[in-house]
Structures are given as C-alpha cells and as structure tokens.
Amino acid sequence: MVYILLGEGFEEAEAIVPGDLLRRAGLEVAYVGLEGPAVTGSHGITVTADLTLEQVDAQKMEMLVLPGGLGGVASIQMDLFATALIQKAYAQGCWLGAICAAPSILANLGMLDRRRAACHPCVWDEMGSAAVDREAQVVVDGRIVTAQAAGAAYPFGLKLVEVLKGPEEAQKIADAILYRG
C-alpha cells in the first residue's frame, strides 16, 4: 500500500500526479487526510481523501509519500501522528517519497543526514547535513526518493513507480501518457 499524506495547503500537482501514475501501474494508493476527509490544497482545490490518518494500517505500508506546499508541510510537521507515521515508515524500511518543501520534514527528522537529496530552493537552508543536489529534479538515496518541485511531479511519480515496480513498468507508464522528460 502506498499512502500519500495530505495536510491543508498541500501542493495539488505534487500529490495528484504521483498518485495517478502509481495507480496506473496497478499499485494500491490511498490519500490520507490529516484533518479529515476533505483537504484543500495551496491553490484552492479540495480533494476528498480515501482515509483519515487514524485509518492508516502501518503494517500494509510499502511507501509513504509527502507532497510539498508550505501549508501542507507545516500541517504534517505539526501533527504528532503524521510525524510518528513517517518515523515508523523509516524504521520499517518502507520507501519514503518527498517533493518540493517536504524533504525538509525528512531532514528535520534526521532521515537525510549525509544523504543526497533534491528539494525546492526555499528549503535549502533547512536540509541539515543532506547533500542537496541543486540541479537534479529527482534523487534516490537508499529507500528515499526526493524531488525539486511541482515541475518534477511527473519524473518523481515515475521514479516512485520504478522503485516499486521496476524500470520497465515506469517506461510503460511514461509511454502510455506520452511523457517526454
């Protein structure tokens, strides 16, 4: 199961595009609303989450995805249950995906110490000892996938497909949507 956390003010493209690509690859994906089922993104688009945070089954978690959006990132960081779920995913060896400002959450939890990462320039100073690749759209280091921003939503989503289902499946999805990245 892939869980995508949605806090108020999340960046819509960074949540919807990866989730769509993962579902196209046949993966089970659930959007998780931190404050309830209806969550409004940073551009005023309200999404109905599949689950609330209390309904997440951590034992079924294969990957946890954190979209950016400064409001969404702040919502996740202020939610003790959300940060506990991130820590549990990391401790269980699950894949973690974070895009835009969300890699700063992982950095603040010490998960990116001395690891390569990508993130939005607005959080470069919040990345601790992470080796931020300022040019890469997407970076994989261990079981953590990070990406720059909304413009990287497609390559980020395809990389998430690749790490879970292999490069052939990711290429199949890219071909089906005519992605030319």
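How many bridges join strand S1 to S2, and in which sense do the two strands run? Five bridges join S1 (residues 2-6) to S2, and the strands run parallel. The model behind this report is predicted.

**The sheet**

S1 and S2 belong to an open sheet of seven strands. The order is S5-S2-S1-S6-S7-S11-S10, and the pairing is mixed. S5 and S10 stand at the edges. Each has a single partner strand, so one side of each is left without a neighbour in the sheet.

Strand S2 covers residues 29-33 and is mostly covered: five of its five residues are buried. In a regular strand, side chains alternate between the two faces of the sheet. In S2, Val29, Tyr31 and Gly33 point one way. Ala30 and Val32 point the other way. Residues on both sides are buried.

Leu6 stands opposite Gly33 in S2. The chain reaches S2 from S1 by way of helix H1 (residues 12-24), and this β-α-β crossover is right-handed. Gly33 also has a bridge partner in S5, namely Thr52. S5 (residues 51-52) is joined to S2 by two bridges, and these strands run parallel.

**Glu12 in helix H1**

Helix H1 contains Glu12. Is Glu12 buried or exposed? Glu12 is buried, yet has no salt bridge. The nearest side chain of opposite charge belongs to Arg23, 16 Å away.

Which backbone atoms does the side chain of Glu12 reach? One is the backbone nitrogen of Ser42, at 3.4 Å. Another is the backbone nitrogen of His43, which lies 2.9 Å from a polar atom of the Glu12 side chain. Setting aside neighbours within four places in sequence, Glu12 is in contact with Gly41, Ser42, His43, Gly44 and Ile45.

**Salt bridges**

The structure holds six salt bridges.

| Asp20 | Arg24 | 2.7 Å |

Begin with Asp20 and Arg24. These residues are four apart in helix H1, so about one helical turn separates them. Asp20 is partly exposed, with a relative accessible area of 32%. Arg24 also counts as partly exposed, at 48% relative accessibility.

The last pair in the table lies in helix H6 (residues 167-176). Lys172 and Glu169 are three residues apart there, so about one helical turn separates them. How do the two partners compare in accessibility? Lys172 counts as exposed, at 52% relative accessibility. Glu169 is buried, with a relative accessible area of 15%.

Methods: Residues numbered from 1 in each chain as written. Predicted model: local features only at pLDDT ≥ 70, side-chain atom pairs only at ≥ 80, totals over all residues. Heavy atoms only, no water. Buried < 20%, exposed > 50% of the residue type's maximum accessible area, 1.4 Å probe, protein only. Pairing = 2+ DSSP bridges. Right-handed = clockwise from strand over helix to strand, strands pointing away. Lys, Arg positive; Asp, Glu negative; His and termini not counted. Salt bridge = Lys/Arg side-chain N within 4 Å of Asp/Glu carboxyl O. Polar contact = N/O pair within 3.5 Å; in protein donor to acceptor, adjacent residues only side chain to side chain. Contact = heavy atoms within 4.5 Å.
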